[in-house]
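Me: I would like to learn how to read a few features of a protein model, beginning with the chain as a whole and ending with a single residue.

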Amino acid sequence: MRLRPALCLSALLTAVLIAPHAPASADGPTPSDPAYTIRDTRNIADAYGRITGTGGQLQNPAYLTALSTEVPATSLAQLLTQVASPTRPALTAGQFFPGWNVGNPLRADWKGTRGRMRSVAFTNRYGALLRGHVYAPLKGAEDPYTGKRLRGPFPGVVLTEGSIQGSEGMYEWLAQDLAERGYVVLTYDVQGQGTSETLPHEGPVNALPFCNPFAEPNEDEMLGCPGVPSQQLGNFVVGTKDALGFFTSTPKRHHRGVGTGESDAFNPYWRLFDRSRDRRTATPGRTKRIAIIGHSLGAAAVSKVQGTDKRVAAVVALDKLAGAASTGPIEGTGNKPVVPALAVQSEYGFTVSPWYLSGGSSLVPEPSPDGPDPMRERASGFESWRAAGVDSLLVVPRASTHLEYTDIPLVLPASRYGQDLTSIYVQRWLDRYLKHRGGSKRLLAKRFRYLEPTGGGQWSPVRLRRDPLLSFYYCSAYSLGKRSDLDITGVGC
């Protein structure tokens, strides 16, 4: 029987459009095949899944209802906080754009029902007031996945946001997921972003701009006013180190940056942090139970800080882990792999582009007539960790963007399940290296269960299969002691 051309084309389109939901394979279509472009078009559409996908922002009526309540409430709270500190201006997108710092409005009732959260403020080494939140389990809480009682004290996590006006509210999803599973987590805004102060408070200068912009810049600074502009690696490195200092502070050992009536002298959840010496540490000499997580320029910062700060026992880089050879926006000169690193990295940057513009970095696309280089994400930092013999895991979610890790309403592209997958891997990575639970078996599992907020205080389970959710363009990989797989789903590395 002969098929009409229209039916053949229909069959081809159907087969290709469902292809991304099958395991990735190096035997798939090639760039010269029209099926390759059709598959790529589906992947581009899926890069907006958080907004348009099943259960996404536009598909869940409860989301828009909650958003209409939370945006004005968050904006008013920020305005009142700023009015109370007139000499500490935050001239930022997070302060002025409605919804910028609201996070996922479906999580608005998390505090008090699934975990606890407190706002904090502390000064960095340049005197700028940084604002954030600390998260922890409820007293007597049970793990929502296992039902087991959570018994403190707990390991600690410090999370550094991304650049270009990232805001800590965009990352509360991860902080909350970790807290309700038995971690104490600090999120904060670096100087000049979110609700943190834009300018430093240096020396005898007691009027705007509270610094001498014509002074000789400090090391790793661009201007005489340190931390200005905010988008410089040194600002995020300083933020990470000073946030670690605040996180580990106590009533007897105040944060060294304290000095104003507007800042907290110590971490209000200091009793909940497990300060016992870790005798099973994966890294000799790193015996504190603290991990650092960073996104974008924050990922570059934590990639650097983990090599020198002995308080750090594990690191998570969200697009991208930066090795010594990393260049461009996520620069890694001098970085030394020391502690186990989880890298969750993306196919696309701030915008979603077709396959023939996949050259260079996802953050700075270049023409690529031969198609994507499967090694692109491995080369950014994973290979440095593997060469150093330090445990590392690289996960590249399919259809993921650089904005995957920032929760913001309705505007920015992100895949439907990339955030879920990221949270699962972060939880399991920290369980292994801070709690010493789970081992490689849980990290290498192929099926997962994740709890999503769906509205009205409800959290619904989502069942996920690993392989269809990993990139078919770029290799995911792991190197865990004697176990390794440099191409988990057979992309072709």
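Me: What share of the contacts with a separation of 6 or more joins residues 24 or more positions apart?

Reply: A contact means heavy atoms within 4.5 Å, and in this chain 68% of the contacts with a separation of 6 or more are between residues 24 or more positions apart. Bear in mind that this is a predicted model, in which local features need pLDDT of at least 70 and side-chain atom pairs count only at pLDDT 80 or more, while totals for chains, interfaces and linings use all residues. Residues are numbered from 1 along each chain as its sequence is written, and side-chain values use heavy atoms, with hydrogens and water left out.

Me: How many of the residues of α7 are buried?

Reply: Buried means under 20% relative accessible area, with a 1.4 Å probe and protein chains only; in α7, 14 of the 15 residues are buried, and across the chain buried residues make up 59% of the 493.

Me: Where is S326 found, and is this residue buried or exposed?

Reply: S326 is found in the loop between strands β6 (314-318) and β7 (341-344), strands being DSSP runs of E with at least two residues, numbered from the N terminus. S326 counts as buried because its relative accessibility is 9%.

Me: Which residues surround S326 in contact, beyond its neighbours within four places in sequence?

Reply: Those in contact with S326 are L321, E331, G332, T333, S380 and G381. Within the excluded sequence range, a polar atom of the S326 side chain lies 2.9 Å from the backbone nitrogen of G323.

Key: Helix = DSSP H or I, 4+ residues; strand = E, 2+ residues; numbered from the N terminus. Buried < 20%, exposed > 50% of the residue type's maximum accessible area, 1.4 Å probe, protein only. Polar contact = N/O pair within 3.5 Å; in protein donor to acceptor, adjacent residues only side chain to side chain.
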